[in-house]
Amino acid sequence: MTERSARGRATRRRRIGFLTHGTWDPVGLPLWQGALEGAREGGADLFCFVGSDLGAERFPFESQANAVYNLASGRSVDGLVVSASALGGFIGPEGMRKFYKRFDPLPIVTISLEERGRPAVLVDNYRGMYDLVSHCITVHGRRRLVFLPGPWESDEVKERHRAYADALTAHGLEAVSDLIASAGDWTWASGRRSIYEYLDARGADFDAVIAASDRMAIGAMEMLARRGIAVPERVLVTGFNNSLDTLFSEPPLTTVHQPLFEMSRRATRLLIDRLKGGRTPQRVLLPAVPMYRQSCGCGAPVENPARPRAASGSRSSYRRRLGRDIPTLLRRMKRALPTRSGIMKPDWAERLLDSFITELENGPGKAGLFTATWEELIGRLDLGGRMSDMLQDVVSAVEPGLLAAARGQEVERAAALLFRARTAVGEAIKLVEVRRTWVKSQRLHLSLEIINSLHAAADLESVTEILDKHLPRVDIPGCVLAFYENSGTPFETAKPALVRREGAPRLAGAALQSYPSLDLVPKAFLKGGDRESFVVMPLFFQERHFGFIVFLVGTSNGEIYENIRFALCSTLQRLHVQRLSEAARAARERAYDEVESQVKERTRQLEIEVAERRRAEDALLQEQYLTRALTENTPDFIYFKDNESRYIRLNEALAHHLGLVSPLLGVGKTDEDFFSAPFAAKTRHDERRVMATGVPAVGIEEMELWPDGHESWTSTTKLPLRDTAGRIVGTIGISRDITGRKRAEAEVRRLNEELEDRVKARTAELEEANRELEGFSYSVSHDLRAPLRAMDGFARILMQEYGKELPSGAARHLGTIVESARQMGKLIDGLLAFSRLNRQALTSQPVSTAVLVRESIESLRGDYAGRSVAFDVGELPDCEGDPILLRQVWVNLISNALKFTRRRETARIEIGSRKITGRRVFFVKDNGVGFDMRYADKLFGVFQRLHRAEEYEGTGVGLATIQRIIHRHGGRIWAEARPDQGATFYFII
């Protein structure tokens, strides 16, 4: 690195590279989102390079995606965070060691797999798997536990298998080879194959399935269900990772929580701290906690066998037994979930621990106290990303100490309370995920529009126009589409075809200049200000690399980026083949006009054309294969029908719900063969309308009764199916199960109705209280006037008739009485005016603020006559409000500033406006005596004064009146000041 580049690196924001296999699957998504959070917290830019698993060949040409890792270099990033377990599962430690050397001397932090000399964030997989297997043996009495591994090259698989074997041995069971399945690849299909292997190929007898990943476990449960084997009654099933799929599987999957989000967040922060020169640990170990759910038979709380049971016999209270441990437990809770201002009450940990102890000691008398307190805490938090992990960490932090202090039956009750706490987090996450899934589905529908538009694009210019138009609709604020200039040295230079960014004009075509590929984006694309995140994806088809696309991150739904990249690759290959075909067609036309001497050359060209056509056919077959792979692996129901509404193709998800062993068994059948006659007639009517009009039917929501008897809601989109000539020959259907969303919507409506009733009742109570208070103030103020007038009148008579005869002291006292009566009259007038504000009608209309301020200053000219007063009036935009009441606000504030600058040789009063957090704020600033901000809470109270009446006159009602006017306009007012350095009053209308 040159001295000049080093100086440039020191001045710009740090850039972190994140290498991952994907941003959308249950493992890749939380890892990516954790890296985003870590970069945000550390104030760094994040470049996420999305390739594939190293060494994996599950699909043809899958490894070509890994070329994107060649773009991660010291030119583009300052350091790398590597999702090591996800990338290196098929190549092992030695393969990863060679992979890391490609990036030397960049600093690297690894996730999940440890590499000597490199910092790593790890998870205690061994302890999590050991506790899980022990639970299945001791709690559920299982004796033949089969193990479903992923790829044996993975260190994580080896560690989980070692924990499985050690747990069997520790409980007197033998870990035999018959109970170990063949190597898998982490997928649902791998889990299904393993169950098929045990049942059919081996004929093995087993009562538990221990899978090395959640996907394999869910696949195993699906195959067991097809074979009529009940889970967990006959065979219990467990997984590993605690991905979102586990919450929605049937039954919910027992698994080991692997804090993927927190791992990548910590790894990113670790790298940033190291780049800043701070002292950082070489190794961070996070716990992996078992999550017991219905797939292992845990419908009620169970005691973890790894916990030591407390001895019985002590009759002292549970709280006394905890004794000195209570401060330690509170510190652990607060470390697990730090207090954030405005989100949690400062005493949340004390309240939570006290409710636990109280319910445990009082039994049924305080049933539900701890659960209610815990659910109140959950309700204050956003359970996305890291927050759900932190809640589970709170339970894990105190669980050993709380159980160790228990005696006798307290142990079982304490375990039950802690189990309910973990379950409540899971249920809350389910509700949050239902809402997020709905939002995600809307954006995915929009991404399908982009994909369909790209498939129809006629040329590269159309592609760039589609991206420019549609990316903001799916919350992607910008992108750079770049192509390699030289296929022989692709990573040297790139020519951008599109550079777009919200708020800036689109750049495309000749307006763009080539730049080094390792820069990732042109310099003009990067902006100063807040940190930014990017997703870097390769563009390739089979072995041919086009270039890459860099997305400016907006949405955190990683599936959208992958879908757009996939459609781009397919479209670019089609355009490439199209260009080749057009060139071949032109060459054939010219061949008829060529002379005899060119026949041999033309023959050679025709041979080239044939070769290109073969490659094009191979490309078409590949596209068909990828389409089939997408169709068969999506959880949505996808099907094709002819013009008679007969199925001509359906995916495996739909076949499963129709009770078919194979999708082929549904070909030729109609909806009448599976559903009720009214429902089948409706679907046929919808399909005929689509075929007749050619207009898609989008978002049809309907209740379906499936052949197995269960009901569910689906959202269906039906599209016209066209042949190669463009004629409509049938329909395409895509249905998504939205039962969870419908239930959530019904619950939200019920809660909204209940809340609305409560608000109406409370509003009525407040209005009645205000009327009574205003009546009381008015009555008291009027009743006080009569004695005041008498006091003032008689005092004046005494002074007029007997003033000369009175001693000087008596005359002075009478003067004090008169002045006090006058001041009391002003106070009563102020109180009456203050009470009338709520009864005075509010007339809202456009108001010229500048005119109001000018008139207010003019009306107060007598108050500062003979004084040196400098007014500085800035920009004052118009506003909406009651002009009479707003005039009173400006008069009171300016009069207040004049009063408290009286002792200044030159009073300076600044009046203007500014924008704060996007809203227009008006202010009045003076150089007067100011006040102590410790007493600012008394500033706007009725009759509250921060200065003595002998020094500065006033009733103490003016600022309270201003505040009530501002509140009636829906705004707020506040002040900032320092003693003897002036004060500033701000307000928002």
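In the hairpin formed by strands S18 and S19, four residues lie between the strands, and Ser 645 among them adopts a positive phi near 65 degrees. Helices (H or I, at least four residues) and strands (E, at least two) are DSSP runs, numbered from the N terminus. The model is predicted: local features need pLDDT of at least 70, side-chain atom pairs count only at pLDDT 80 or more, and totals for chains, interfaces and linings use all residues. Residues are numbered from 1 along each chain as its sequence is written, and side-chain values use heavy atoms, with hydrogens and water left out.

Strands are taken to pair if DSSP finds at least two bridges between them. S18 (residues 637-642) and S19 (residues 647-650) pair in the antiparallel sense over three bridges, with Tyr 639 having Leu 650 in S19 as its bridge partner. S18 is also joined by six bridges to the antiparallel strand S22 (residues 728-737), where Ile 732 stands opposite Phe 640. Because five of its six residues are buried, S18 is largely enclosed by the rest of the structure. Here buried means under 20% relative accessible area, exposed over 50%, and partly exposed in between (1.4 Å probe, protein chains only).

Most residues other than glycine have a negative phi, and most peptide bonds are trans. The exceptions below are listed with their locations.

| Site | Backbone value | Location |
|---|---|---|
| Ser 645 | phi about 65 degrees | loop between S18 and S19 |
| Asp 104 and Pro 105 | cis, omega about 5 degrees | Pro 105: loop between H4 (92-101) and S4 |
| Glu 250 and Pro 251 | cis, omega about -5 degrees | Pro 251: loop between H9 (245-248) and S9 (255-257) |

Ser 645 is buried, with a relative accessible area of 4%, whereas Asp 980 counts as exposed at 51%.

Glu 115 lies in the loop between strand S4 (108-111) and strand S5 (120-123). Its relative accessible area is 10%, so Glu 115 is classed as buried. Apart from neighbours within four places in sequence, Glu 115 is in contact (heavy atoms within 4.5 Å) with Arg 97, Tyr 100 and Thr 110.

The axes of helix H2 (residues 28-42) and helix H10 (residues 260-275) come within 7 Å and cross at roughly 35 degrees. Such axes are lines fitted to C-alpha atoms, for helices over the stretch in contact, and angles run from 0 to 180 degrees between N-to-C directions. Residues meeting there include Leu 31 and Ala 35 in H2, and Phe 261 and Ile 272 in H10.
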